[in-house]
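Dear colleague,

Please read them with the model open beside you.

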Amino acid sequence: MSLILPPVGTSHLLELVSPYAPDDLIAEICPRCFTGGRRHALSAAQLWRTHLLAVLTATHSLNLLVRQLPEQAAWRRFARLRHTLPSARMLHEFRQTVGVGGLRAINQHLVGRLLRRMGVQPHAVALMDATDLPAACSGFKKNSGAYTAAHAALGGRTLKTGQSRWFVGYKKHTLRLWLPTAHPSVTLVPLVSWLTPGNVAEGGLLRPSLHWCRRHLGWWPGIVVADMGYLSAPGKQAARENWQCAVVTKLRADMKLVPPYVTATRVECP
């Protein structure tokens with residue numbers, strides 16, 4: 001029987017998700033990660049749960065979330081907060097102390113636990129795609145000739161109505177595992193993400209993603225669905241021969257089939 005989760009932002013969702021938070025693991029990763037100064041009442045697990053509220057509720061701003069905590073009893077129960085509530089400065093100090101490596105270790109533990117529970121097969125399907133992240137940039141500096149945002153670059157985006165073809169900023173490339181479910185919802189589990197300047201080509205990011213999955217999860221997907229930008233010829237060959245991973249994409253109207261591809265829906269390849 002499949003479980004259909006309640007809508008995001010409801011107290012019922014928080015109650016269902018709360019038991020799966022790895023509080024013991026967070027205590028091991030951050031054994032002394034408490035807030036600084038005179039306020040040492042909040043543990044690393046409480047602060048991590050508070051950050052998670054920005055994903056599980058409709059409030060995605062941490063500053064606004066902190067202001068709304070006193071009015072939201074369900075949020076406080078999920079974060080296991082009692083008398084002391086975190087401030088924006090406490091959350092900032094927590095992120096600095098734990099660092100990217102600590103947060104990745106927590107996510108890696110959650111993904112590994114999900115993979116073991118779901119019994120994902122070696123030929124599971126993953127999707128890789130990019131998200132445009134425009135930078136808060138005021139243009140070029142006269143002296144350096146670079147954009148004011150660090151490492152930002154001019155990148156191209158997919159043509160959409162009302163949007164410019166170009167933007168200044170970054171791209172986040174994410175490999176997501178597709179979990180088939182019995183209900184109509186689509187479950188995509190983020191495995192690994194890369195943040196690059198907007199002008200970096202996607203072709204060199206597929207193999208590092210597979211390598212990361214093997215090194216940190218002991219597993220990698222057997223089929224990756226991606227657009228043409230990720231399908232460089234050397235990358236496809238390496239994924240097929242060294243990783244036994246098929247990289248597939250939708251055929252364009254001007255693409256011609258060559259053997260051993262019989263039709264657009266039938267492939268005969270030893």
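His151 is found in the loop between β1 and β2 (153-156), where helices (H or I, at least four residues) and strands (E, at least two) are DSSP runs numbered from the N terminus. Although His151 is not a glycine, its phi is positive, at about 65°. At 69% relative accessibility His151 counts as exposed, on a scale where buried means under 20% relative accessible area, exposed over 50% and partly exposed in between, with a 1.4 Å probe and protein chains only.

Before going further, please note that this is a predicted model, in which local features need pLDDT of at least 70 and side-chain atom pairs count only at pLDDT 80 or more, while totals for chains, interfaces and linings use all residues. Residues are numbered from 1 along each chain as its sequence is written, and side-chain values use heavy atoms, with hydrogens and water left out.

The chain as a whole has eight helices and eight strands, and of its 270 residues 34% count as buried. Of the contacts (heavy atoms within 4.5 Å) with a separation of 6 or more, 57% are between residues 24 or more positions apart.

Arg80 also has a positive phi, about 55°, although it is not a glycine. Arg80 lies in the loop between α5 and α6 and, at 45% relative accessibility, counts as partly exposed. Arg80 is one of the residues touched by Arg49, which, when residues up to four places away in sequence are not counted, also touches Ser18, Ala21, Asp23, Phe78 and Ala79. Arg49 has its place in helix α3 (residues 44-56) and is buried, with a relative accessible area of 1%. A polar atom of the Arg49 side chain lies 2.6 Å from the backbone oxygen of Phe78.

Pro70, in the loop between α4 (62-68) and α5 (73-79), counts as exposed at 51% relative accessibility. Pro70 touches Arg76 and Leu85, again leaving out residues up to four places away in sequence; Pro70 and Leu85 are 15 residues apart in sequence and 7.9 Å apart in space, C-alpha to C-alpha.

Leaving aside its neighbours within four places in sequence, Leu177 is in contact with residues including Leu115, Val125, Leu188 and Trp219.

Helix α7 has 12 residues and reaches 16 Å from its first C-alpha to its last, close to the 16 Å expected at 1.5 Å a residue, the expected span being 1.5 Å times one less than the number of residues. Its buried residues are Leu206, Ser209, Leu210, Trp212, Cys213 and Leu217. Seen down the axis of α7, these buried residues fall within an arc of 155° (taken from the directions from the helix axis to the C-beta atoms), so they line one face of the helix. After α7 comes Gly218, whose phi is positive, near 70°.

Technical notes. A polar contact is a pair of N or O atoms within 3.5 Å; within protein, one must be able to donate a hydrogen and the other to accept it, and residues adjacent in sequence count only if both atoms are side-chain atoms.
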